[in-house]
Amino acid sequence: MFQWGFKDSIVNGLLDSLLTPVQDWLSQYPTLLWLAMHPLWLLGTILLLLFLLSGLLRAIARVTEKLWLWLLMFPVTLVRWLWQGTLFLLSRPFSGKSLPQSSFVNPPALETPDRLTEVLNRLESLRQEQNELLQEVKVLLAKEQKKE
């Protein structure tokens, strides 16, 4: 390969041992050989890969940051939850109130008979208004049929 005198056999052996695996690898992957022969395409491909890798690393960093924040905040959240539960359980016997019942079973708005009367009166007025509107629709439909 090179003619450098006495040491050329050592240099040639060293270069052959380094270049032969690279040449074999490039012969197995002709696309990479083509990229090596076209440096602008190689530069563009490297930039694209670096851009994609940076996006991946940013996404991993965000997920890792959220995981660490959750892990560090978990004991604080757990202690706060336990503290609030303990205060609730301790204050319940002194308040004389039982646990709150579902609003579907005993709605607070219907506890008084006056409110029930108001709601029933409102429903009756809405029913009457609905009947009046239906009569008006019938009259309008009758007029449309007469025009045809």
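How many helices and how many strands are there in the protein chain? I counted four helices and zero strands, taking both as DSSP runs numbered from the N terminus (helices H or I with at least four residues, strands E with at least two). Read along the sequence, the pattern is α-α-α-α.

**Entry 1. Basis and confidence**

I worked from a predicted model, in which local features need pLDDT of at least 70 and side-chain atom pairs count only at pLDDT 80 or more, while totals for chains, interfaces and linings use all residues. Residues are numbered from 1 along each chain as its sequence is written, and side-chain values use heavy atoms, with hydrogens and water left out. I looked up pLDDT, the predictor's confidence in each residue from 0 to 100. The protein chain averages 84, and 83% of the residues score at least 70. Among the helices, I noted the lowest confidence in α2 (residues 30-37), with a mean of 85, and the highest in α3, at 91.

**Entry 2. Burial and surface**

I sorted residues by relative accessible area: buried is under 20%, exposed is over 50% and partly exposed lies in between (1.4 Å probe, protein chains only). Buried residues account for 3% of the 148 residues in the protein chain. I then looked up the total accessible area, computed by the Shrake-Rupley method with a 1.4 Å probe; for residues, only the protein chains shown count as cover. The chain exposes about 14100 Å², of which carbon and sulfur atoms supply 70%.

**Entry 3. Spans annotated in UniProt**

I consulted the UniProt record, an unreviewed entry, which lists residues 40-61 and 67-90 as "transmembrane region". Its positions are given in the numbering used here, its feature names are shortened, and its annotations may be inferred rather than shown by experiment. In the model, residues 40-61 are 100% helix, and the end C-alpha atoms of this span lie 31 Å apart. Residues 67-90 are likewise 100% helix, with end C-alpha atoms 34 Å apart. The unreviewed entry also gives "coiled-coil region" for residues 116-147. That span is 100% helix and 0% strand, and I noted 47 Å between its end C-alpha atoms.

**Entry 4. Nonpolar patch**

Which residues form a nonpolar patch on the surface? I found Leu 40, Leu 42, Leu 43, Ile 46, Leu 47, Leu 50, Leu 53, Leu 56, Leu 57 and Ile 60, with about 960 Å² of accessible area together. Patches are made of residues with over 30% relative accessible area and no salt bridge; like charges are joined within 9 Å, and nonpolar side chains (Val, Leu, Ile, Met, Phe, Trp, Tyr) within 5 Å. As one member, I checked Leu 42, which is placed in helix α3 (residues 39-95) and is partly exposed at 31% relative accessible area.

**Entry 5. Aromatic pairs**

I searched the whole structure and found three aromatic pairs. Rings of Phe, Tyr and Trp (its six-membered ring) pair if their centres lie within 6.5 Å; planes under 30 degrees apart count as stacked, over 60 as edge-to-face and the rest as tilted. The rings of Trp 34 and Trp 41 have centres 6.1 Å apart and planes at 45°, so I recorded this pair as tilted. Trp 34 is partly exposed at 40% relative accessible area, whereas Trp 41 is exposed at 55%.

**Entry 6. Salt bridges**

I required a side-chain nitrogen of Lys or Arg within 4 Å of a carboxyl oxygen of Asp or Glu. This rule gave two salt bridges. Glu 118 meets Arg 115 at 3.5 Å, N to O; these residues are three apart in helix α4 (residues 113-147), so about one helical turn separates them. Both are partly exposed, Glu 118 at 47% and Arg 115 at 37%. Glu 124 meets Arg 127 at 2.5 Å, N to O, and they too stand three residues apart in helix α4, about one helical turn. I noted Glu 124 as partly exposed at 33% and Arg 127 as partly exposed at 41%.
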